[in-house]
Amino acid sequence: MASTYLQNNQDRFLTELIDWLRIPSVSADPKFAGDITKAAEYLKARFEEVGLDNVELCPTAGNPIVYGEKMVDASLPTVLVYGHYDVQPADPYELWDSPPFEPVIKDEKIYARGACDDKGQVYMHVKALEVMQQDGAFPCNIKVMIEGEEEIGSNNLAIFVRENKAKLKADVILISDTGMLANDAPSIEVGLRGLSYHEVEVTGPNRDLHSGLYGGAVANPINVLCKMIASLHDENNHITIPEFYQNVAELTGEERAELNRVPHSDDEFKQSIGLPDVYGEKGYTTVERVGIRPTLDVNGIWGGYTGEGAKTVIASKAYAKISMRLVPNQTSEEITALFQKHFASIAPSGVTVKVKPHHGGEPVVTPTDSVAYKAAADAMETTFGKRPIPTRGGGSIPIVAMFKSELGLDTVLLGFGLDSDAIHSPNEHYGVFNFLKGIETIPHFYRNYAAAMK
């Protein structure tokens with residue numbers, strides 16, 4: 001049963017979240033720099049309202065980190081909560097049914113950029129603290145650190161963590177930036193894929209050329225780029241980069257069978273995203289393809305004339321953004337080097353190629369036998385009435401591996417989003433049920449964890 005305080009204040013909690021979602025805290029575009037600051041200041045004020053101490057905007061070389069803490073007793077365990085207040089760009093705006101920074105609630109869902117990723121889930125933690133404050137006391141020590149650069153690679157977070165290890169000393173990390181299987185099938189992600197992200201540039205002639213005068217006599221960078229990209233997979237959708245799979249941790253048959261116990265329907269999966277069939281690496285199920293197998297995807301491709309009407313040119317340059325999701329025991333450094341070497345090697349002699357690495361991150365698997373995981377599973381069982389299923393997530397949260405290496409701490413990924421929430425896409429949304437259920441569940445985690453650590 002949700003607390004009376006939560007029930008009596010849920011409309012206000014939603015209104016506050018909507019106010020925060022109106023601030024377009026897009027970290028990828030410098031024109032939103034003022035809004036990044038505004039979003040951080042909004043969160044700082046909410047930290048102060050819910051009773052956190054030592055609340056501050058911690059400067060970095062980029063966007064500020066919002067920090068606060070409640071140290072109730074040195075003998076009690078400490079939980080460090082992480083999240084991010086920056087959001088993805090909302091483009092293309094014309095594909096949104098309502099403006100991305102004018103939040104609306106319809107069909108019991110909050111529609112706005114950042115509604116699920118990650119403002120809505122961060123705000124669950126803020127309001128969970130308020131509920132605990134009003135319902136009694138904080139059962140353990142709590143530190144909250146919310147950054148503003150997650151969507152652009154968390155470039156300054158590792159530096160901040162490295163320079164503030166005493167401030168951030170804790171026993172476990174708690175993050176809500178993931179999802180669960182369904183509202184009637186709670187789950188906790190225990191694995192995340194890593195990431196290696198690149199921008200490639202293929203250059204042909206020293207200027208755009210008339211396709212009649214030069215066509216057939218020069219290498220067309222767009223044609224070449226398309227062929228190079230197409231060659232990165234074979235007929236079984238297996239990635240063709242030499243040595244790409246050499247360190248991939250293969251699961252046993254028993255482990256694969258256990259993974260495929262999660263409730264999943266390919267028919268529902270196809271219907272949810274409007275596809276006639278599933279697609280992917282031969283020999284693996286959909287659940288395995290998005291959880292335990294590495295991938296290579298083109299995230300954007302451009303070049304030449306794309307305006308209205310016709311312009312018959314052979315472009316001087318063509319570009320693409322390419323990302324690879326990694327699994328244990330691959331590393332972003334290893335895969336970045338392999339990709340750079342291979343992509344340059346498959347270019348024909350009529351063009352030159354540049355590969356520019358962007359951000360990367362490491363894959364992680366978190367333990368399911370830890371005190372913290374059991375505390376989270378018990379909390380979800382209390383509020384959902386069902387034991388959560390441990391799952392492997394296809395996304396990447398590079399800072400999880402960084403927290404382990406820098407602070408020596410494991411992470412619990414207590415997320416409440418759904419695959420259907422359209423994060424990073426037009427019409428991103430977050431269920432009102434999920435938002436409120438998160439606020440209800442998080443205090444149970446703290447109580448369970450504090451009790452188990454005595």
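I take domain bounds from an automatic or database domain assignment. The model I examined is predicted, so I note its limits: local features need pLDDT of at least 70, side-chain atom pairs count only at pLDDT 80 or more, and totals for chains, interfaces and linings use all residues. Residues are numbered from 1 along each chain as its sequence is written, and side-chain values use heavy atoms, with hydrogens and water left out.

**Entry 1: domains.** I looked up the assignment and found domain 1 (1-192 + 363-453) and domain 2 (194-248 + 294-361). Their centres, taken over C-alpha atoms, are 35 Å apart. The contact (heavy atoms within 4.5 Å) takes 9 residues from domain 1 and 10 residues from domain 2.

**Entry 2: buried area.** I then looked up the buried area, the accessible area (1.4 Å probe) that two parts lose on being put together, summed over both. Domain 1 and domain 2 bury about 690 Å² between them, with 64% of it on carbon and sulfur atoms. On the domain 1 side, P363, S396 and P398 supply 65% of the area buried against domain 2, more than any other three residues.

**Entry 3: helix pair.** I turned to helix α2 (residues 33-49) and helix α3 (residues 119-135), which pack at about 20° with axes 9 Å apart. Helices here are DSSP runs (H or I, at least four residues), numbered from the N terminus. Axes are lines fitted to C-alpha atoms over the stretch in contact, and angles run from 0 to 180 degrees between N-to-C directions. I record α2 as roughly parallel to α3 (angles under 35 degrees). I list Y42, L43, R46, F47 and E49 of α2 and V122, Y123, V126 and Q133 of α3 as making the contact.

Technical notes:
Helix = DSSP H or I, 4+ residues; strand = E, 2+ residues; numbered from the N terminus. Parallel < 35°, antiparallel > 145°, perpendicular 65-115°, else oblique.
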